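User: I'd like to go through this model with you before I set anything up. Could you start with the confidence and then take the details as I ask?

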Amino acid sequence: MTSEKTHQAITAVWRIEAAKIIASVARMVRDVGLAEELAQDALVSALEHWPKDGVPDNPAAWLMTAAKRRALDQLRHHKLAAEKHEQIGHELEAQEALIVPDFVDALDAARADEIGDDMLRLIFTACHPVLSTEARVALTLKMLGGLSTAEIARAFLVPEPTIAQRIVRAKRTLTAAKVPFELPRGDTLGPRLASVLEVIYLVFNEGYTATAGDDWMRPALCDEAVRLGRVLAGLAPDEAEVHGLVALMELQASRTAARTDAEGKPVLLMAQDRSRWDQLLIRRGLSALERAEALASGTPGPYLLQAAIAACHARAHVADDTDWPQIAALYDALAQVQPSPVVELNRAVAVSMAYGPAEALALVDAMRDDPSLKSYQWLPSVRGDLLAKLDRREEARAEFERAAALAGNAREREFLLERARSMLN
């Protein structure tokens with residue numbers, strides 16, 4: 001195997017296995033930051049040895065063993081319990097010897113549940129509320145996504161040193177705050193789970209509609225968020241909101257191919273060629289939604305409700321078949337459990353489609369002085385669309401121009417300017 005192919009193999013294995021390795025090592029050393037460093041050391045070792053020695057038959061086990069060996073060295077260095085050393089040492093010797101591969105396979109199978117618990121611990125630790133939102137996102141993509149610092153920086157269009165500093169500070173903060181490597185229990189689970197879901201959905205949204213740069217979408221981030229959501233659903237199978245989030249992301253991601261034209265320009269939902277929607281993702285999303293609804297007790301959560309809205313669109317084979325009254329009702333329910341100006345703005349769009357632009361314009365006008373929407377380009381954009389439907393074209397043009405001035409994404413800005421120009425015809 002050539003050196004380039006070997007590096008590609010290492011990258012692929014690392015992307016898949018990084019979270020498991022870091023989680024397993026973190027259980028040993030009880031420090032997520034240190035665990036990530038030890039896992040990185042194992043990766044560096046692979047980069048040094050595999051091009052010369054060849055890719056091992058079980059590359060994931062090789063990386064896990066190398067990382068655990070470094071963890072064991074760390075434990076010995078700090079003179080922790082000799083019994084712990086002996087137990088871990090026996091496991092490492094069994095994996096390193098590879099004399100009885102069936103035994104190694106049986107050992108991995110026996111510890112599968114433990115690895116699952118470790119992964120959950122890692123997710124909850126990386127998304128701990130003691131960290132800033134930006135730090136949580138960066139640390140999650142680094143530890144759970146296996147992305148390099150450079151890849152995260154490119155995805156969010158920020159300098160690589162900025163991302164590196166966020167990650168370093170995040171690990172230091174977790175250590176300084178003595179955040180335990182454990183699963184939250186009882187009353188603390190709800191808020192902590194909400195933090196995890198928020199981080200995953202933030203990653204997805206940045207990929208779905210990029211806040212800055214030349215491209216309207218960054219599908220790789222959407223893919224990573226969906227993957228993390230599926231991992232979390234497998235680890236927490238009885239949490240309705242986890243399945244709700246997976247359903248929401250898969251249903252939205254199903255539209256990816258139809259959301260831009262041949263030139264990369266945005267295509268809004270009602271104008272999309274629905275034959276280009278990914279039917280497999282739609283089926284998966286609807287299945288996840290059914291699971292969420294079956295698990296939900298009492299008032300549905302915000303991700304389940306948003307997934308139900310996305311499902312209304314997915315079930316409409318043509319735009320005119322969309323059940324807009326149902327969508328408006330779902331937004332009413334969402335506004336009760338997660339009140340926000342953005343939800344109200346989306347509700348106004350649904351009201352416009354269900355009951356007419358005049359009724360919706362009154363709702364939007366009531367939001368114009370909301371300080372949280374002052375820099376939100378979709379407020380003037382929605383208002384411009386409603387004014388255009390009411391044939392108030394000059395007012396609509398001014399709103400589209402104002403929206404374009406607020407847009408940070410180049411594709412989005414040009415799209416809004418085109419809408420403004422269309423009002424002159």
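**Confidence first**

Analyst: This is a predicted model, and the mean pLDDT of the protein chain is 87, with 89% of its residues reaching 70 or more.

User: Where is confidence lowest, and where is it highest?

Analyst: The lowest mean, 39, belongs to helix 5 (residues 101-110), whereas helix 14 (residues 302-315) has the highest, at 98.

User: OK, and overall, how many helices and strands does the protein chain have?

Analyst: The protein chain has 20 helices and zero strands. Of its 425 residues, 48% count as buried, and the chain exposes about 20400 Å², of which carbon and sulfur atoms supply 53%. Among contacts with a separation of 6 or more, 64% are accounted for by residues 24 or more positions apart.

User: Let's look at helix 2. What span does it reach, and what would be expected?

Analyst: Helix 2 covers residues 32-53, which is 22 residues, and reaches 30 Å from its first C-alpha to its last, close to the 32 Å expected at 1.5 Å a residue.

User: Where does helix 2 bend?

Analyst: Helix 2 bends by about 25 degrees at Leu47, and Pro51, a proline, follows within four residues.

User: And what sits at its two ends?

Analyst: At the start, a side-chain oxygen of Asp31 reaches to within 3.0 Å of the backbone nitrogen of Gly33. After the helix comes Gly54, whose phi is positive, near 95 degrees.

User: Which residues of helix 2 are buried?

Analyst: The buried ones are Val32, Gly33, Ala35, Glu36, Leu38, Ala39, Ala42, Leu43, Ser45, Ala46 and Trp50. When you read that list, keep in mind that an α-helix has 3.6 residues a turn, so residues three or four places apart point the same way.

User: What about Lys178, is it buried or exposed?

Analyst: Lys178 has 71% relative accessibility, so it counts as exposed. This lysine is placed in the loop between helix 9 (160-176) and helix 10 (189-208), and its phi is also positive, near 50 degrees, in a residue other than glycine.

User: Switching to Gly145, where is it and what does it touch?

Analyst: Gly145 is in the loop between helix 7 (133-143) and helix 8 (149-156). Leaving aside residues up to four places away in sequence, Gly145 touches Arg15, Thr140, Glu224, Arg227 and Leu228.

User: Last one: which side chain makes a polar contact with that of Gln377?

Analyst: The partner is Glu412, and the polar contact joining the two side chains is 2.4 Å. Gln377 also touches Ala403, Leu406 and Ala407, again not counting residues up to four places away in sequence. Gln377 lies in the loop between helix 17 (357-365) and helix 18 (378-389), and at 13% relative accessibility it therefore counts as buried.

Definitions and conventions. Residues numbered from 1 in each chain as written. Predicted model: local features only at pLDDT ≥ 70, side-chain atom pairs only at ≥ 80, totals over all residues. Heavy atoms only, no water. Helix = DSSP H or I, 4+ residues; strand = E, 2+ residues; numbered from the N terminus. Expected span 1.5 Å × (residues − 1). Bend = angle between axes of the 7 residues up to and from the residue. Buried < 20%, exposed > 50% of the residue type's maximum accessible area, 1.4 Å probe, protein only. Polar contact = N/O pair within 3.5 Å; in protein donor to acceptor, adjacent residues only side chain to side chain. Contact = heavy atoms within 4.5 Å. Areas by Shrake-Rupley, 256 points an atom, 1.4 Å probe, with all protein chains shown as cover. pLDDT = per-residue confidence, 0-100.
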